[in-house]
Amino acid sequence: MMRLDGRPFAGASILAAIAVLTMLPAAAAEQEAGASPIQATLEYIRPFNYGGDPLLIRLGIFNTGARPYDNSAGINLFGGLKVTSASGTRLTMKGKAEIDPKVQPAVLAPGGFFGMIQDITPLLPDIAKAGTYTISWEGSGLSAPPVTVKVLPKFEPSEAYVAVIETDYGYLEFDLKSKEAPRHVQNFYDLALFGFYDNTPLFQVIKGVEVRGGDPSGTGFGGVGYNLSPEIATELKHRRGTLSSVKLGEQKQDSGSQFVITLSPHEPYDGALSIFGELRKGDDVLSAIENIPTSGQRDQPPHFRPLKPIVVRSVTVRKAAEPS
């Protein structure tokens with residue numbers, strides 16, 4: 001159970017890796033000849049990365065067979081690393097990460113494994129640029145399916161940001177409250193750039209009260225799978241066009257993705273919901289959405305479901321100083 005950098009290497013997390021490498025014909029032939037099969041896993045540890053931050057990959061080599069595997073020749077763990085941009089351009093390796101084969105076990109026992117966790121940005125500095133990349137690996141008769149990595153422009157909490165929600169009725173543009181609710185703004189920024197909100201519904205419309213979205217399931221119970229700690233700024237009040245995070249049930253935490261846009265002043269939400277944006281453009285679009293007929297109150301939520309679906313086509317977040 002060893003790792004090349006000397007830190008603990010958890011077998012369970014490796015077994016859950018998102019890319020399982022498959023044996024090339026040479027390795028398959030060895031298995032047919034009676035040799036113990038080896039497999040490897042390649043994982044990108046985070047769902048996305050900010051440009052310039054460490055970009056960690058995890059590579060593990062496993063003996064899944066019943067016999068010891070002869071690893072006396074060693075495996076060049078970096079030799080087969082390949083990274084390409086969305087345009088198909090291969091990034092040039094500008095650094096070296098020499099791994100001494102002698103550090104690896106000469107014999108890999110049945111059920112044994114070794115591997116590494118490595119920040120690849122020193123080797124591939126161009127991956128610090130915002131974009132989408134594919135990472136693959138092959139070596140010693142093994143080959144990895146590509147893993148997709150999304151690198152986002154770095155969020156700057158001291159900057160002012162603008163969010164644009166594109167619906168099939170038009171655009172809603174908001175000034176975001178980076179000062180009052182920095183974690184909520186950054187979270188909205190992350191989810192927007194990651195495409196989480198693309199093609200999701202505005203699932204509840206109560207005329208004169210609110211519009212809700214941010215749940216891909218459209219039930220009012222779904223979301224991104226995590227919560228946020230509230231950021232309540234008592235000086236901020238809900239009015240028409242206020243963008244806030246949703247609280248679900250009796251939870252003390254805010255939903256990680258669901259949001260509410262109020263359609264008029266709503267005092268019960270003041271001091272209860274985390275406000276992270278205010279409408280700056282698109283009140284005519286908000287009015288069009290507000291006036292869509294709904295199902296009305298029902299025993300089972302979501303209540304006031306629009307009878308005609310309202311789709312959020314995309315959400316984009318940019319610095320306020322940048323041109324729209």
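# Close-up views of a predicted model

**Figure 1. Strand S20 and the strands beside it.** In S20, Ser255 is the bridge partner of Asn227. This view, like those below, comes from a predicted model. Asn227 belongs to strand S18 (residues 227-228), which pairs with S20 in the antiparallel sense over two bridges. Strand S19 (residues 242-247) also pairs with S20 in the antiparallel sense, here over four bridges. Within that pairing, Ser244 has Val260 of S20 as its bridge partner. S17 and S20 run antiparallel as well and are joined by four bridges. Val211 stands opposite Ile261 in S20. Strand S20 covers residues 254-262, and nine of its nine residues are buried, so the strand is largely enclosed by the rest of the structure.

Figure 2. Arg212 sits in strand S17 (residues 210-213). Is this arginine buried or exposed? Arg212 counts as buried, because its relative accessibility is 18% and the cut-off for buried is under 20%. Leaving aside residues up to four places away in sequence, Arg212 touches Pro201, Leu202, Phe203, Gln204, Val246, Phe259, Val260 and Tyr269. Val260, one of these contacts, is also the residue of S20 that bridges to Ser244.

Figure 3. Helix H3 is made of 13 residues, 182-194. From its first C-alpha to its last it reaches 18 Å, close to the 18 Å expected at 1.5 Å a residue. Which residues of H3 are buried? They are His184, Val185, Asn187, Phe188, Tyr189, Asp190, Leu191 and Ala192. Gly195 follows the helix and has a positive phi, near 85°.

**Figure 4. A cluster of aromatic rings.** Ring pairs link Phe188, Phe196, Tyr197, Phe259 and Phe276 into a cluster. The model has nine aromatic pairs by the rule used here. One of them, between Phe188 and Tyr197, is tilted, with 5.2 Å from centre to centre and 50° between the planes. Phe188 counts as buried at 2% relative accessibility. Tyr197 is also buried, with a relative accessible area of 2%. Phe188 is among the buried residues of H3, and Phe259 is among the residues that Arg212 touches.

**Figure 5. The salt bridge between Lys154 and Asp53.** Side chains of opposite charge can pair when their charged atoms come close. By the rule used here, the model has 14 salt bridges. In the one between Lys154 and Asp53, the closest N and O atoms are 3.0 Å apart. Lys154 lies in the loop between strand S13 (147-152) and strand S14 (161-167), and Asp53 in the loop between strand S5 (49-50) and strand S6 (56-63), so the pair ties together parts that are 101 residues apart in sequence. Lys154 counts as partly exposed, at 40% relative accessibility.

**Figure 6. The salt bridge between Arg313 and Glu166.** The closest N and O atoms of Arg313 and Glu166 are 3.8 Å apart in this salt bridge. What does the pair tie together? Arg313 is in strand S22 (residues 311-319) and Glu166 is in strand S14, so the bridge joins parts that are 147 residues apart in sequence. Arg313 is partly exposed, at 42% relative accessibility, whereas Glu166 counts as buried, at 18%.

Figure 7. A salt bridge joins the side chains of Arg280 and Asp175, at 2.8 Å from N to O. Arg280 belongs to strand S21 (residues 275-281) and Asp175 to strand S15 (residues 170-176), so the pair ties together parts that are 105 residues apart in sequence. Arg280 is partly exposed, at 38% relative accessibility. Asp175 is partly exposed too, with a relative accessible area of 32%. Salt bridges that share partners join Glu173, Asp175, Arg280 and Arg318 into one network.

**Figure 8. Residues 1-36 and the confidence of the model.** The mean pLDDT of the protein is 85, and 84% of its residues reach 70 or more. Over residues 1-36 the pLDDT is below 50. How many contacts does this stretch have in the model, beyond near neighbours in sequence? The stretch has 77 such contacts. Where pLDDT is low, the predicted coordinates should not be read in detail.

Note on methods. Residues are numbered from 1 along each chain as its sequence is written. This is a predicted model: local features need pLDDT of at least 70, side-chain atom pairs count only at pLDDT 80 or more; totals for chains, interfaces and linings use all residues. Side-chain values use heavy atoms; hydrogens and water are left out. Buried means under 20% relative accessible area, exposed over 50%, partly exposed in between (1.4 Å probe, protein chains only). Contact means heavy atoms within 4.5 Å. Rings of Phe, Tyr and Trp (its six-membered ring) pair if their centres lie within 6.5 Å; planes under 30 degrees apart count as stacked, over 60 as edge-to-face and the rest as tilted. The expected span of a helix is 1.5 Å times one less than its number of residues. A salt bridge is a side-chain nitrogen of Lys or Arg within 4 Å of a carboxyl oxygen of Asp or Glu. pLDDT is the predictor's confidence in each residue, from 0 to 100. Two strands pair if DSSP finds at least two bridges between them.
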